[in-house]
Amino acid sequence: MPATLHSDSPLVPAVKLIDVTARYDQNVVFNDLCLEIAAGQFAGIVGPTACGKSTLLKIILGIHAVSAGQVELYSYPVDKVRPGTIGYVPQLGSVDWNFPVTVEEVISMGLYTNGRIWPWLSKQERACIRDLAHRLGVDDCLQNHISDISGGQRQRTFLARALINNPKLLILDEPTSGVDIKTQHEVLHLLGDINSGGITILLTTHDLNAVASHLPWVICFNRGMVAQGRPNTIFTNEILTKTYGGDIVIVKSEGHLLIANSTPLNFIDEHP
Ligand SMILES: Nc1ncnc2c1ncn2[C@@H]1O[C@H](COP(=O)(O)OP(=O)(O)OP(=O)(O)O)[C@@H](O)[C@H]1O
């Protein structure tokens with residue numbers, strides 16, 4: 001008889017999609033998608049606008065139902081996964097910053113999984129929030145209203161909310177959008193540290209250069225899987241043209257990649 005793999009085994013994928021079809025009414029976003037994300041991976045999904053990246057995340061989160069196929073997280077069907085297993089940071093563009101909550105209250109919202117409605121926090125929970133806020137560098141603004149903090153602090157606040165239950169899988173929808181380039185690097189460094197602590201990370205982004213310089217794994221997506229692998233092997237003219245259409249320049253220099261839009265399509269390799 002084959003041995004059963006424990007869900008915490010590194011051999012069990014964090015995410016497994018089997019022949020998944022996703023649609024909104026008549027709009028089929030993708031068909032028969034098969035995808036595996038290894039436990040411990042730090043992966044970025046890239047692709048053009050409206051290609052289905054957020055829909056893919058929603059399916060993995062179990063908040064958009066599949067039309068066909070199966071979604072498994074750590075070998076469990078997505079609807080059977082223990083609450084708190086996944087931490088989620090939404091696109092911050094969708095947040096109403098006038099909503100009357102403080103940074104501490106936003107972080108505490110992460111504790112309200114599994115139908116909990118009790119609004120008071122225990123001493124221990126408050127201490128946990130303070131520790132996490134300290135780790136993420138937002139302990140100085142815990143009592144600030146969320147409209148009175150910077151873009152980077154907002155990103156860290158929502159990251160803390162997603163991490164408060166010690167998730168195994170962290171999902172982020174465009175964590176590098178709407179902040180300056182220095183903050184983008186800081187956020188990605190922070191995510192790298194969180195990943196080194198054992199948390200599997202899956203994010204979407206439009207920033208190919210950030211992926212090239214910070215992420216070990218990339219998934220090129222356009223209404224279906226185009227390719228996945230290490231950025232150095234995946235960011236080629238052929239694959240990026242398949243993913244985005246034309247107008248991409250890739251500059252390779254001393255092991256680094258720089259990707260830009262251009263017409264006509266070019267490939268410049270300083271060190272062939
Ligand atoms: N709630 C919804 N109801 C109906 N159609 C939707 C909904 N959300 C997304 N869509 C459609 O599904 C397709 C994929 O959208 P999705 O948001 O997944 O793309 P995306 O790659 O995340 O885009 P972007 O990079 O612009 O955020 C698009 O055609 C979009 O119009």
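Start at the ligand: β2 (27–37) and α1 (53–61) each supply at least two residues of the shell around it. Helices (H or I, at least four residues) and strands (E, at least two) are DSSP runs, numbered from the N terminus.

This is a predicted model, in which local features need pLDDT of at least 70 and side-chain atom pairs count only at pLDDT 80 or more, while totals for chains, interfaces and linings use all residues. Residues are numbered from 1 along each chain as its sequence is written.

**Stop 1: the ligand**

Select Tyr24, Asn27, Val29, Gly47, Thr49, Ala50, Cys51, Gly52, Lys53, Ser54 and Thr55, which surround the ligand. A residue counts as near a molecule or strand if its C-beta atom, placed from the backbone, lies within 6 Å of it. The largest share of this shell, three residues, comes from α1. Colour by class to see four nonpolar, six polar and one charged residues. Here Ala, Val, Leu, Ile, Met, Phe, Trp, Tyr, Cys and Pro count as nonpolar, Asp, Glu, Lys and Arg as charged, and the others, Gly among them, as polar.

**Stop 2: the four-stranded sheet**

From β2, move to the open sheet that holds it: four strands in the order β2-β1-β4-β5, with antiparallel pairing. β2 and β5 (76–77) are at the edges with a single partner strand each, so one side of each has no neighbour in the sheet. Two strands pair if DSSP finds at least two bridges between them.

Select β1 and β2, which run antiparallel and are joined by seven bridges. Leucine 17 has leucine 35 in β2 as its bridge partner. Then go to the hairpin of β1 and β2, which has two residues between the strands; aspartate 25 takes a positive phi near 50° there. Glutamate 72 has proline 77 in β5 as its bridge partner.

Axes are lines fitted to C-alpha atoms, for helices over the stretch in contact, and angles run from 0 to 180 degrees between N-to-C directions. Two residues are in contact if their C-beta atoms, placed from the backbone, lie within 7 Å.

**Stop 3: the six-stranded sheet**

Keep α1 selected: this helix also lies across β3 (42–46), β6, β7 (169–173), β8 (200–204) and β9, at about 150° to β7. Helix α5 (residues 181–196) packs on the sheet too, touching β3, β7 and β8, and its direction makes about 150° with that of β8.

The six strands form an open sheet in the order β6-β7-β8-β3-β9-β10, and the pairing is mixed. β6 (86–89) and β10 (225–229) are the edge strands, each with a single partner, so one side of each is left without a neighbour in the sheet. From one strand to the next, the twist averages 15°. Select β9 (residues 217–221) and β10, which run antiparallel and are joined by four bridges. Cysteine 220 is paired with alanine 227 in β10.

**Stop 4: helix α4**

Select residues 151–163 for α4, which has 13 residues. Is this helix mostly covered or mostly open? Mostly covered: eleven of its 13 residues are buried, among them Phe158 and Leu159. A residue is buried if 20 or more other C-beta atoms lie within 10 Å of its own, exposed if 12 or fewer, and partly exposed in between, with C-beta atoms placed from the backbone. The cover includes β6, α2 (103–109), α3 (123–136), β7 and α5.

Note on methods:
Expected span 1.5 Å × (residues − 1).
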